[in-house]
Amino acid sequence: MAKTPSHITPLTVELPPAKSSTQLISEYVERLRDSGVRQKVVALTLGFKPN
C-alpha cells in the first residue's frame, strides 16, 4: 500500500538588501585593510598595475 505524499511548505527566508558591485568591492577592500593588508597589496589584488 503506497503512502500519500505529504505537502511540504517552504520556509520563508528574508534576503538581505541587494548591493551594487561598487558597494561589494568597497566592503571587500575595507575588510582587507582592517585585517592589516597593505594598500599596495590591495591595489594589486584588484588588478591595478604597479608604477
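**Figure 1. The salt bridge between Lys19 and Glu27 in the predicted model**. Lys19 and Glu27 form a salt bridge. Their closest N and O atoms lie 3.0 Å apart. The pair qualifies because the cut-off is 4 Å between a side-chain nitrogen of Lys or Arg and a carboxyl oxygen of Asp or Glu. Side chains of opposite charge can pair when their charged atoms come close. The count for the model comes to one salt bridge.

**Figure 2. Solvent exposure of Glu27 and Lys19**. Glu27 has a relative accessible area of 31%. Lys19 is at 44%. Both values fall between the 20% and 50% cut-offs, so Glu27 and Lys19 count as partly exposed.

**Figure 3. Charges of the chain**. The chain carries 7 positive and 4 negative charges. The mean position of the positive charges is 12 Å from that of the negative charges.

**Figure 4. Helices and overall dimensions of the chain**. Two helices are present, with zero strands. The C-alpha trace spans about 75 × 25 × 20 Å along its principal axes. The radius of gyration is 22 Å.

**Figure 5. Burial and surface of the chain**. Of the 51 residues, 6% count as buried. The chain exposes about 5,400 Å². Carbon and sulfur atoms supply 59% of that area.

Technical notes. Residues numbered from 1 in each chain as written. Predicted model: local features only at pLDDT ≥ 70, side-chain atom pairs only at ≥ 80, totals over all residues. Heavy atoms only, no water. Helix = DSSP H or I, 4+ residues; strand = E, 2+ residues; numbered from the N terminus. Rg over C-alpha atoms; globule rule 2.2 N^0.38 Å. Buried < 20%, exposed > 50% of the residue type's maximum accessible area, 1.4 Å probe, protein only. Areas by Shrake-Rupley, 256 points an atom, 1.4 Å probe, with all protein chains shown as cover. Lys, Arg positive; Asp, Glu negative; His and termini not counted. Charge placed at Lys NZ, Arg CZ, Asp CG, Glu CD.
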